[in-house]
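Please keep the sequence and the coordinates in view while reading.

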Amino acid sequence: MLVAAANWNSVGEFVTLIWLVGIRSARSNRNRLLKKAGRPPWPPLTMMRTHGGKTRVGVILSAGGLRGAAHLGILRRLLRHGIPIDLLVGVSAGAIIAAFYAAVGLSIEEMIEEARHFRGRHIVLHGLTLRSPEFAKPFLRRFCGVIPRRLAQLESAGFDRLHHGVQGLGIVCHDLLSGRPVYFATGRDHHVTLAEVVKASAAIPGVIPSRIVERGGHKFRLVDGGLSDSLPIEFARNQSLGATHLIICDCRSLSKELPSGDERVYIKPHIDDTAILWSPGATLLKAVHQGEKAVTDTVLQKIYSWL
């Protein structure tokens, strides 16, 4: 690889070649599936995703605790097949993945690598750390896995500084004072930070304490968004985000399957041995693979028809 690179006039040219090879591979996969479905191949890259300039693909990542690791598998397969993600909306576990991908800029592969070592006990000990006196927190953080380091990265992220081509980010929390969901999205003036919102959305009741924030002169006591809107379809379609087509990823354990439609696909991985705070000895990688498996060729064909 290094020898081949040396024959190019610049590193930039070499990187461009690798990028084009990757794009060509993704387009080859797309065209194979389109041919199988009896559809014509995709147009050249310069014509892709115009469609009147109106197509905005939104991906919804549901709540689900550790089961949410399957979202990583779904996203990995979508990205490997060249599916563009314009908008990401996350709740609870989905909010964590959406924020770290879109706002912090982590890659899906980085998060999957960390899933190898992540355990439910890290979440429980993180909650204990938050409730502990200050002198005990440095000691307890040592047992929280990757959580302290990743949350520190979240502090410098924002709703309006996004990565990987994502244009909009939405997060859902639940307000204990009103008993209703509270929505936060790119383009809105929240008067609260992204870090506060994401931490609140993933605050499992009884494990992680709620967070008190003020917005527009009103006080909210925010916790896990899964309590009131664990699959926020209408939020993803509203004016602030404006998704025209939705990929709905449902990792909840108790939920009825939703029918797919002309402008949405519903993906529900079969996660048979991972709970909200418990996973088998094989860590979370099994849930990741189950997420990948749920993105079938039929699902991909449906998504391609939008683009």
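Where pLDDT is low, the predicted coordinates should not be read in detail. For the chain, the mean pLDDT is 84, and 82% of the residues reach 70 or more. Confidence is lowest in helix α1 (residues 2-6), at a mean of 31, and highest in strand β1 (residues 57-61), at 98. Helices (H or I, at least four residues) and strands (E, at least two) are DSSP runs, numbered from the N terminus.

This is a predicted model, in which local features need pLDDT of at least 70 and side-chain atom pairs count only at pLDDT 80 or more, while totals for chains, interfaces and linings use all residues. Residues are numbered from 1 along each chain as its sequence is written, and side-chain values use heavy atoms, with hydrogens and water left out.

Helix α8 (residues 147-154) has the buried residues I147, R150, L151 and L154. These residues lie on the same side of α8 because they cover an arc of only 100° around the axis, taken from the directions from the helix axis to the C-beta atoms. Buried means under 20% relative accessible area, exposed over 50%, and partly exposed in between (1.4 Å probe, protein chains only). The buried residues of α8 pack against α4 (93-104), α5 (108-115), α6 (120-131) and α9 (194-201), whereas R149 and A152 are exposed on the face turned away from the buried side.

The largest core has 68 residues, of which L88, L154, L169, L194 and I247 touch the most other members. Helix α4 gives the most to this core, with nine residues. Apart from this core lies another, of 16 residues, among them A63, L231, I233 and F235.

Strands β5 (residues 211-215) and β6 (residues 218-224) pair in the antiparallel sense over five bridges; pairing requires that DSSP finds at least two bridges. R211 stands opposite L222 in β6. Two residues lie between the strands of this hairpin, where G216 takes a positive phi near 60°. G216 counts as exposed because its relative accessibility is 60%.

Note on methods:
Contact means heavy atoms within 4.5 Å. A nonpolar core is a set of buried Ala, Val, Leu, Ile, Met, Phe, Trp, Tyr and Cys residues joined through side-chain atoms within 4.5 Å. pLDDT is the predictor's confidence in each residue, from 0 to 100.
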